[in-house]
Amino acid sequence: MNGNRNVWLGAAAVVGLSASSAFGQIALSDHNFSSFAWSRGEICLPCHTPHFANPTAGRLWNHELTNATYTLFDGTTGSAAVDLDRVSRLCMSCHDGTVALDSFGGTVGENFMPPAGLIGTDLRDDHPIGSMAIYPTAPSTSFNPQDANHRVVFGGHTLSLYAWVDPNAVTQYVVGCKTCHDPHNRGNYGHMLRFSNAGSAVCLTCHIK
């Protein structure tokens with residue numbers, strides 16, 4: 001009995017350490033809005049909720065979704081609902097500047113993304129995402145291959161691709177916001193990158209140059 005109890009306590013300690021580490025990571029990131037009055041003093045609430053989440057968005061999503069129309073990378077017009085992968089749409093629901101940071105939990109906010117984090121709706125000067133960034137499935141002289149799990153593994157680094165359903169209802173795997181960035185800032189490499197971009201390591205994980 002005591003042996004089982006010790007095993008349980010050990011497992012609980014590991015879980016506790018893991019949770020504490022995750023909290024520390026998001027607490028030190030630019031996504032910690034708990035110091036702003038509109039956040040109700042909470043870190044997770046502006047994006048996530050344990051109850052009454054948006055079932056179509058997934059991830060226990062609590063924030064209002066963007067329905068913006070964009071000028072896409074190639075200059076054509078597209079929409080957040082159609083041309084972005086699901087995860088990138090979550091990111092752009094603050095970063096395109098059309099939805100207030102404090103529009104969550106069914107409330108309509110009035111505090112919008114400041115210039116430092118504002119991407120806007122003209123995406124011609126940004127790395128392609130979603131429909132503009134379908135990753136090749138065939139061998140390419142320009143891109144490192146994606147594996148069976150839709151990840152690009154090169155130089156000791158891994159970047160994940162995200163599912164996007166094209167107009168023919170075919171699932172494609174694309175570069176999204178979260179391919180290069182970690183919204184919970186686990187690595188603290190600046191700009192919420194997944195790993196250091198020293199020597200252009202993030203770029204060269206996908207691009208052959």
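Helices, as I use the word here, are DSSP runs of at least four residues, and strands are runs of at least two, both numbered from the N terminus. Colleagues, the structure before you is a predicted model.

With those terms in place, I begin with Ser 103, which sits in the loop between helix H3 (86-95) and strand E3 (151-154). Is Ser 103 buried or exposed? Its relative accessibility is 6%, so Ser 103 counts as buried. The side chain of Ser 103 reaches the backbone nitrogen of Gly 109 at 2.8 Å. Beyond its neighbours within four places in sequence, Ser 103 is in contact with His 63, Glu 64 and Val 108, as well as Gly 109.

I turn now to the interior. In soluble globular proteins, nonpolar side chains tend to be buried together. Here the largest nonpolar core has twelve residues, among them Ala 133, Tyr 135, Leu 161, Phe 195 and Cys 206. Helix H5 (residues 201-206) gives the most to this core, namely three residues. A second, separate core has nine residues, including Ala 68, Tyr 70, Ala 80 and Cys 177.

Not counting residues up to four places away in sequence, Cys 206 touches Tyr 135, Ser 142, Phe 143, Asn 144, Val 152 and Leu 159.

Finally, the cysteines. How many disulfides does the structure hold? The number is zero. The closest cysteine sulfur to that of Cys 180 belongs to Cys 206, and because the two are 6.4 Å apart, they are too far for a bond. Cys 203 is likewise in no disulfide, its nearest cysteine sulfur being that of Cys 180, 7.5 Å away. With a relative accessible area of 37%, Cys 203 is partly exposed.

Key:
Residues are numbered from 1 along each chain as its sequence is written. This is a predicted model: local features need pLDDT of at least 70, side-chain atom pairs count only at pLDDT 80 or more; totals for chains, interfaces and linings use all residues. Side-chain values use heavy atoms; hydrogens and water are left out. A nonpolar core is a set of buried Ala, Val, Leu, Ile, Met, Phe, Trp, Tyr and Cys residues joined through side-chain atoms within 4.5 Å. Buried means under 20% relative accessible area, exposed over 50%, partly exposed in between (1.4 Å probe, protein chains only). Contact means heavy atoms within 4.5 Å. A polar contact is a pair of N or O atoms within 3.5 Å; within protein, one must be able to donate a hydrogen and the other to accept it, and residues adjacent in sequence count only if both atoms are side-chain atoms. A disulfide is a pair of cysteine sulfur atoms within 2.5 Å.
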